[in-house]
Amino acid sequence: MTSTPHDRELRSQLDTLTTEAFRPELADVDRLPTLDIARLMNGEDATVAGAVAEQLPGIAAAIDAVADRMARGGRLVYAGAGTAGRLGVLDASECPPTFNTDPAQVVGLIAGGPAAMVTSVEGAEDSRELAESDLAALALTADDAVVGVSASGRTPYAVGAVEYARARGALTVGLACNPGSALAAAAEHGIEVVVGPEFLTGSTRLKAGTAQKLVLNMLSTITMIRLGKTYGNLMVDVRASNEKLRARSRRIVAQVTGAEDDVVERALAATDGEVKHAILVILAGVDGPTAARLLADSAGHLRTALTRAAAADHG
């Protein structure tokens with residue numbers, strides 16, 4: 001196989017990335033007992049949280065900016081290839097059942113489309129045009145936020161997505177695991193969690209993947225907290241779509257209100273199973289439609305709605 005100038009340029013780029021660096025001290029790891037290998041990997045993983053901690057101010061600024069756009073009706077869109085793309089799709093897919101978001105509010109785009117979730121799609125990650133096409137299909141607006149995710153920070157699909165989104169006025173975040181990345185430079189909010197060389201050379205599904213997952217967890221979770229999807233640390237916007245979640249709904253209403261089971265059941269029945277509405281019915285002594293109106297007037301924030309109800313009571 002003859003290497004082309006493009007191949008040689010790509011190899012030069014990879015040689016500069018810390019996530020691709022070879023670690024000679026691990027060259028004989030395959031000769032070790034399984035438990036020793038597990039201990040080594042576990043020790044590597046323990047360093048990831050510290051690397052994320054170094055980026056917390058930047059992560060918090062990005063979250064506040066994302067929450068501001070979503071409060072205006074915008075969407076949160078993740079765009080990545082391979083492991084990074086799968087992590088974005090995973091995070092997006094967990095928002096509807098956890099926070100009762102519309103599936104269109106948090107979107108995961110992976111280079112190559114849904115098929116790339118389970119198999120490699122040849123050449124997809126190298127295509128900026130594919131990213132532009134995927135975002136154009138969403139009819140991106142200035143109220144949206146696009147998070148490009150790439151361990152290397154050079155993946156054309158992720159960089160192309162951020163550049164396309166920024167040109168259209170959308171908020172942009174670039175999440176990478178190498179310093180001085182093109183992805184972070186292209187975004188308004190660049191987040192570079194430098195986890196160092198991987199346990200297996202170049203396998204960025206390991207520490208880099210863990211770091212990206214931790215950051216995406218914070219992006220979606222804290223954004224939802226800012227949007228009033230929780231009351232304290234309780235998921236009061238949970239969608240009770242199965243028996244476990246229905247039981248969780250009853251438990252949350254009881255935890256917040258201290259009410260007996262029969263009171264909780266009546267409140268949930270009066271509010272079509274909506275947890276926040278049921279809590280208002282019990283704590284504010286209002287009916288279901290009034291609870292819905294209070295929440296609508298409070299942009300969905302339960303704490304604000306309770307304050308409004310108390311003020312009306314004393315007015």
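I looked up Y78 and, leaving aside neighbours within four places in sequence, found it in contact (heavy atoms within 4.5 Å) with G88, D91, A92, V106, V107, G108, L109, V147, L216, L219 and S220. The model is predicted, so I note its limits: local features need pLDDT of at least 70, side-chain atom pairs count only at pLDDT 80 or more, and totals for chains, interfaces and linings use all residues. Residues are numbered from 1 along each chain as its sequence is written, and side-chain values use heavy atoms, without hydrogens and water.

Next I looked up the nonpolar cores, meaning sets of buried Ala, Val, Leu, Ile, Met, Phe, Trp, Tyr and Cys residues joined through side-chain atoms within 4.5 Å. Buried is under 20% relative accessible area, exposed over 50%, and partly exposed in between, with a 1.4 Å probe and protein chains only. The largest core has 35 residues, of which L76, Y78, V106, V193 and L219 touch the most other members. Another core, of 24 residues, lies apart from it and includes V236 and L302.

In the contact, α4 supplies residues including L56 and M70, and α9 residues including V215 and R226.

Last I checked T98, in helix α5. T98 is partly exposed, because its relative accessibility is 23%. Leaving aside neighbours within four places in sequence, T98 is in contact with M235, D237 and V238.

Note on methods:
Helix = DSSP H or I, 4+ residues; strand = E, 2+ residues; numbered from the N terminus.
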